[in-house]
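The sequence and structure are shown first.

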Amino acid sequence: MSASTISDGFGGAQAPNDLTQTMRKVEPEAIETELDTSWREANASALASGGHAGARNTVMTLVIYANNRSEARRALAVLNDPGAQASRAIVILPSGATGDAPIEAYIATRSQTQEGGMTSYSEQIVLMAHDGAVQHLPGTLLPLIVAGLPSFFWWMGEPPWRTELLESLMDSSDRLIVDTAAMPQPERSLMALDDLMRRKKSSCAISDLNSARQAPWRELVASFFDTPEMLAYLGAIDQVSIEYAAGAEYTSEAPTNTAQAYLFAGWLASRLGWRALGGAGAARGGNGEHEQTLVNGVNQKITLQINARYGVTLKDRFDVSQVNIPIPTQDAPGAGADLTQSGAASVAAGALMLVRLRSTVNGQVGSFTVAREADLEHASTLAKLPLGSQPSKTVHLPTIGETALLTEQLHQLEHDDLYEDALAAAAQLLDPRTRRVTP
Amino acid sequence: MDATIDTANFVNPLRQGMRSTRAMQPCVMVIFGATGDLTHRKLLPALYNLAIEQPLPAQFTVVGVARRPFTDEQFRQQALDSINSFSRRRPVNPAIWETFAKGLFYCQAQFENPDDYENLGKLLDRLDQERGVQGNRLFYLATPPNYYGAIGDLLSSSGVAKRGGGDAPGWSRIVVEKPFGHDLASARELNSSLNKGFRENQIYRIDHYLGKETVQNIMVLRFGNGIFEPIWNRQYIDHVQITVAESIGIEGRADYYEQAGAIRDIVQNHMMQLLALTAMEPPNTFGADAVRDEKVKALRAIPPLMESEIAFDTVRGQYGSGIILGETVPGYCQEPKVSPTSQTETFVALKLLIENWRWAGVPFYLRTGKRLTKRVTEIAIQFKRPPYLLFQGAGAQQLQPNVLSMRIQPNEGISLLFSAKVPGQEMRLRSVNMDFLYGSSFGVEPPEAYERLLLDAMLGDSTLFTRIDETELAWTLVDTIVRAWAKTKAPIATYEPGTWGPKAADALIERDGRTWRRL
C-alpha cells in the first residue's frame, strides 16, 4: 500500500542477523511480560508525541513453521504486509546450530497506519529452536496461543507427516494451512494430506493455498452450467482434459507439480459424484501424461486426461516481491489492478493452463473450455453447443501473493468442505485401489 | 425452456461448497438515465468491479437508455471514462474491458415516448438471441424521480417488461432509486404505476445504506452474538442516538434539495432504515420477507406524532454562511438556484418513541444535517448507569454511561465506552474506549454498496431492499412532521456552518436530561 507506514515497537538493538534485526531478543519465559512492556512503552511514546494509544485488537493467533531462514523471511514479509490481519504471529524456525540456549525468542510489536488513518496492531514472536529442540517447542509455544481466539497453523513447505510435532501443533489449532505447490512430491503429499484430514477432521480443518489459487478456474467452469438448460450437459460429461504448466520442455529431471491438476479433477469428481475405476483404469505416459477412466453415478464412463504443457516459462514462485500485494483503494490509482510481475510472461509450475469438458447429449457434442491466454495473465471461456456458442468471457488471473492467499484462509473458521471433498476425491484418483467413501 | 425444470430452485452442483453458491443467470441490465451522474459515478464502475471479481456471467449485457444521441461506441467510451475515474479497480484491465465492453449497448430514447420503448423492446429481443440473455431483464431507474412513473407505465404497456407469473421465458425486475415518492400519496401513486408491470417481488427499492457492510453488521452484531441481545431492551438501554452528519453543503443539487430537504433526503429512508435495524426483533430467518417483516413491525410501533409533540420533539434548521477551515462558505439561501427566502431545512433533529414491549420508554434521538462539524454516521446505544454509585467521590459522577457505538462511516467499526480505574493508590475512575475497527482487524477493503446491491438484484435477493410497506410507514411519519412544520409561522432557524446544528437541537435532548454525543 502506497501510503501505509509501519512502526516497530523495538529498535534494532541486539539483532543477531537480518532476520530478526528489527526484533528484540528476550528470554522465552518472559515473552508475555516483554510484550506487555513494549505496548505500554509504545503507547506512552505515542501519547507523549500527541498521537493515540494503540490497542491490542488481536483477532487470532497464527503459528508459522518455517523450515529455514529463507522461509522465515518470507513469513515475516507476509506478516508485515499492510493487508495482514491484526494478530499474534509466532514463527518457528529450527536451527541446526548450537545456541546459548535450546530456544531463542525474539519479539516485536508493530502498528501499521494505512491510508485514512486506520491503524492496525500486531505482535510477532520468532522462536528459534537449536540442536533438535524443535521437538520440545510445544511447551514454549502452546502457552503463547491467545486463549479463546481462532488459532491457525501455517506449515511452509512439506510437513513431516505422521510426526508428534505436526500432530500436537495441529491439535492446538483450528486450521492447518499448507501449500501443495511447495511440495516436491505432490501426489504423495496429496495422499498424506488426505490421510491427515481423515484422522484430524474432528479437531482441525485443513486448507491448501494451492486450492485457493485455482478458485477463478472453478468459478469459470461452474459458470458454464448456471442455467437449468445446461444441466443436461453437466450430467453427460464424458471427457475431461486438464493441462498444467510444466516448463520449457520435457526433461526427466525437470520438476513438475500435478497438485493443481489433481485437485481440480478431484473437485469435479466430488461435485459430480465421479469415482475412479480401480485396476487397469489408469495409464501414465513418459511426458507427464496421465489418462484415467472414471464413472459417474449411473456408471457412464468419463475419460480424465491430465497432461503437462511445455513451452511455458515458469517463475520462481517464492519471489518475495510477489508477497506485497497492494490493497486496491479508490484513492490510489493503479493500486491492486495489476498483480503480475513485470518482464516476460511466466506462471508458477503446476498452474492450470487449460480445462476442457466434453459432453454428449442425444448424440450431439458440446464442449466447454477455459484456457489461459498467451499473456498467461488472463483466461477466456469458450462454450460450443450444438445450437451455437455462448459469448466468451475473459477474466484476469492475478498472480496472487501469499498474503492474499493466506488472508483468505484466515477468514475461514469452519471446515472448507469444497477443498476437503476435492482432496478426498483427488486421493481416490491417485489410489483407486483404496476405496474411500466420498464425503 | 424445459417446463419440467424448476428454474427457481435450480442448483448448479458445481456451485455447492463455493463461497458464493448463488448462481447468476444471464441477464441484461437496462439503465434509464445512462448518461447521468449516478450511472457515471456508481453504476458502471460497480458493474466493471463485478466483472473483474467474476460473478457476472459471460452473457451479461448492459443497455444504456438516455436522451442523448449516443452510439454504442460513444456509450462504451463514456463507460470507460467512468471506470477510469471511479472504479476501485482502476486502471482498466484491457483484456477484461474488451469482453465487458462487447456487452454494452445504447438506446436513445425519450423516457415518455411510447415509440422509443418499441425500439428498446426490439433491441432487447435481439440481444436475447445474440447474447443468450434468455429474456432476463433488470431495469434500473437512474433518472430524475419525476420519470419513474412514466417509465414504469411504458415498460409495462409496451410489453418490454414481463409481469411475473406469465408464460414468457425470463424474469423482469425493476430497481428504483430514492426518493420513492415525495410523500405518502405520491409514493402510493408511483407504486401503482410500477404495479401495472411489476409485482411487489419484482420491485427493488434501493437504499444504498443497506448495501454498506457496516449496516449489514448491525444484524450480525445483534443476532450473531449471545451477549448483546439480552441487554438490548428498555431494562438496560437508556436511549439511542442516530447521527447522519455531513460536512458538505448541497453541492449544486438545489433543484432536488429544495423539494426534498433533510427530512425527505435522509430521515425518510436512511435514518428510518438504521432505526428499524436497531429496533427490530430477531427475524426467524435471514430471508427477505422475514427481515423486512420485523423491520415493518418496528416502524409500525412508532406512535403517530401529534402537532403539539412535533413542535416539542422536532427541530429543523438551515445552515447560514460562515467560515469552515478558513474558507468562506455560502449559506443555504445563497447557494445557486436556491430561493433567497427558502424555508427548506438542511438540519433535522427529532425524538421518536417505539411503543412495544422491548422499547417502551426508550427514546430514539435522530439528527442529520449538512455543513455540520464532520462527516459521520453512527448509531449509539447508551446504557443506563449502574443502579448504585459504589465509588462515591472517585469521579464516578462524572463518568460517561456505557455506550456501544456502531460507526457506519468513516472509520467503520464498533466501540464500547466503559469505566476503568485510573492506576494509582487512590480509587479514581475514568471512561475508556474499546475500539474495533474493520479495516484494522480484517485488513480488507469492503466492496462498494452498489456492487452488493446490484448483484443481489440480479440474483433476485431483495433482503437489502425496501419493501413498499416500509416505505409507506416512513412517509406517514415524515408527512405528519412536514405538515405540522408548514403550519408554523416562525422562520426556520439558521445555524453556523461547522457546528452541530441549531441550539434548539441541544435543547431537545437536554430537556430529557441527556446530551448529544460529541463525535
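## Domains of chain B

Which domains does the domain assignment of chain B give? The assignment, automatic or from a database, gives domain 1 (13–205) and domain 2 (210–510). This is a predicted model, in which local features need pLDDT of at least 70, side-chain atom pairs count only at pLDDT 80 or more, and totals for chains, interfaces and linings use all residues. Residues are numbered from 1 along each chain as its sequence is written, while chains are lettered from A and ligands numbered from 1 in the order in which they are written.

## Contact between the domains

Taken over C-alpha atoms, the centres of domain 1 and domain 2 of chain B are 32 Å apart. Their contact (C-beta atoms, placed from the backbone, within 7 Å) takes 28 residues from domain 1 and 21 residues from domain 2.

On the domain 1 side, α1 (37–52), β5 (172–176), α6 (184–197) and β6 (203–205) of chain B each supply at least two residues. Helices (H or I, at least four residues) and strands (E, at least two) are DSSP runs, numbered from the N terminus. The largest share of that side, six residues, comes from α1(B).

## The nine-stranded sheet

Chain B has an open sheet of nine strands with mixed pairing, in the order β16-β15-β14-β13-β7-β12-β11-β8-β17; strands pair if DSSP finds at least two bridges between them. At the edges, β16 (428–437) and β17 (493–495) of chain B each have a single partner strand, so one side of each lacks a neighbour in the sheet.

Within chain B, β11 (347–352) and β12 (364–369) run antiparallel and are joined by six bridges. Leu350(B) stands opposite Leu366(B) in β12(B).

Notes
Two residues are in contact if their C-beta atoms, placed from the backbone, lie within 7 Å.
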